[in-house]
Amino acid sequence: MNPPILERDPSDPQKEKKEGVNPVLKLVLELGPLLVFFFANARGEWLVQKFPVLGEFGGPIFVATGLFMAATAIALIASWLLTRTLPIMPMVSGVVVFIFGALTLYLQDDIFIKMKPTIVNTLFGGVLLGGLYFGRSLLGYVFDSAFKLDAEGWRKLTFRWGLFFLFLAIVNEVVWRNFSTDAWVTFKVWGIMPITLLFTFSQMPLILRHSLDDKASGEEKAGK
């Protein structure tokens, strides 16, 4: 049987065996394109001087957009080569990057790339909350390699992350509509990440309460 193109369901016993990847490498693949975007926007003029062909894109934000699209494509290709599957969340984000990035470059209007985080976060939030409505906790696709939770734990965590994604969408709209492009890029890279990390750490009590590993350990001790 041919392996699936998309990553396996979290409950699939073959997922960890077939799709395991070094966590550090996975982080690099997911954050790398964003760091490329920030660097290219900050050093756009220098990059054009070193590589004049990049001047065809336009100003720094457009150079950054073009390189962001290229880095995103490379990250997805690398994921495919390493695991022979495509991670769902990065793939969805990548599709939006390509669509809005192409519009940004073609129309020379940075509004489209600024709206990308709003669209992606709204989509993720809607998918997570919509999945709960139909009785499925889809967050397992993102965190199943890091946490093993019971059904109630996944439901609660999925609900919280769904709301958090919608919050990020609102924050992005506020920032890009009220501040400069450079301020928006800086906040996108150095503001969103700390906020996301703080939110993630704040969920640890919930994760610990519903961790299957902890429960299994407790049951094992009780049986002795």
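Student: Which residues does the UniProt annotation "transmembrane region" cover?

Tutor: Such annotations are given in the numbering used here with shortened feature names, and they may be inferred rather than shown by experiment. According to the unreviewed UniProt entry, the annotation covers residues 20–40, 61–82, 88–107, 119–139, 159–175 and 187–208. The model itself is predicted: local features need pLDDT of at least 70, side-chain atom pairs count only at pLDDT 80 or more, and totals for chains, interfaces and linings use all residues. Residues are numbered from 1 along each chain as its sequence is written, and side-chain values use heavy atoms, with hydrogens and water left out.

Student: How many helices and strands does the secondary structure of the protein come to?

Tutor: Helices (H or I, at least four residues) and strands (E, at least two) are DSSP runs, numbered from the N terminus. Here there are 12 helices and zero strands. Residues 88–107 are 100% helix and 0% strand, with their end C-alpha atoms 29 Å apart. Residues 187–208 are 91% helix and 0% strand, and their end C-alpha atoms lie 31 Å apart.

Student: What percentage of the residues of the protein count as buried?

Tutor: Buried means under 20% relative accessible area, exposed means over 50%, and partly exposed lies in between (1.4 Å probe, protein chains only). By that criterion, 40% of the 224 residues are buried. Accessible areas come from the Shrake-Rupley method with a 1.4 Å probe, and for residues only the protein chains shown count as cover. The protein exposes about 12800 Å², of which carbon and sulfur atoms supply 68%.

Student: Which residues does methionine 69 touch, not counting those up to four places away in sequence?

Tutor: A contact means heavy atoms within 4.5 Å. With those sequence neighbours set aside, methionine 69 touches Val97, Phe98, Gly101, Ala102 and Leu105. Methionine 69 is in helix H4 (residues 60–83), and it counts as buried because its relative accessibility is 16%. Its C-alpha atom is 6.8 Å from that of glycine 101, 32 residues apart along the chain. For the protein, among contacts with a separation of 6 or more, 69% join residues 24 or more positions apart.

Student: Which residues make the nonpolar surface patch of about 510 Å²?

Tutor: Patches are made of residues with over 30% relative accessible area and no salt bridge; like charges are joined within 9 Å, and nonpolar side chains (Val, Leu, Ile, Met, Phe, Trp, Tyr) within 5 Å. This patch consists of Val95, Ile99, Leu103, Tyr106 and Leu107. One of its members, valine 95, belongs to helix H5 (residues 88–107) and is partly exposed because its relative accessibility is 42%.

Student: How many salt bridges does the structure hold?

Tutor: Side chains of opposite charge can pair when their charged atoms come close. A salt bridge is a side-chain nitrogen of Lys or Arg within 4 Å of a carboxyl oxygen of Asp or Glu. The structure holds three. In one, aspartate 110 meets lysine 114 at 3.6 Å, N to O, and both residues are buried. Another joins lysine 156 and glutamate 152 at 3.0 Å, N to O; these two lie in helix H8, four residues apart, about one turn of the helix. Lysine 156 is partly exposed at 34% relative accessible area, as is glutamate 152 at 36%.

Student: What joins the side chains of arginine 177 and glutamate 173?

Tutor: They meet in a salt bridge of 2.7 Å, N to O. Both residues lie in helix H8, four residues apart, about one turn of the helix. Arginine 177 is exposed at 53% relative accessibility, whereas glutamate 173 is buried at 18%.

Student: Which side chain does a polar contact of 2.7 Å join to that of glutamate 173?

Tutor: A polar contact is a pair of N or O atoms within 3.5 Å; within protein, one must be able to donate a hydrogen and the other to accept it, and residues adjacent in sequence count only if both atoms are side-chain atoms. The partner of glutamate 173 in this contact is threonine 118. Glutamate 173 is placed in helix H8 (residues 151–178).

Student: Is phi of glutamine 108 positive or negative?

Tutor: Most residues other than glycine have a negative phi. Phi of glutamine 108 is near 55°, a positive value. Glutamine 108 is in the loop between H5 and helix H6 (111–133), and it is partly exposed at 40% relative accessibility.
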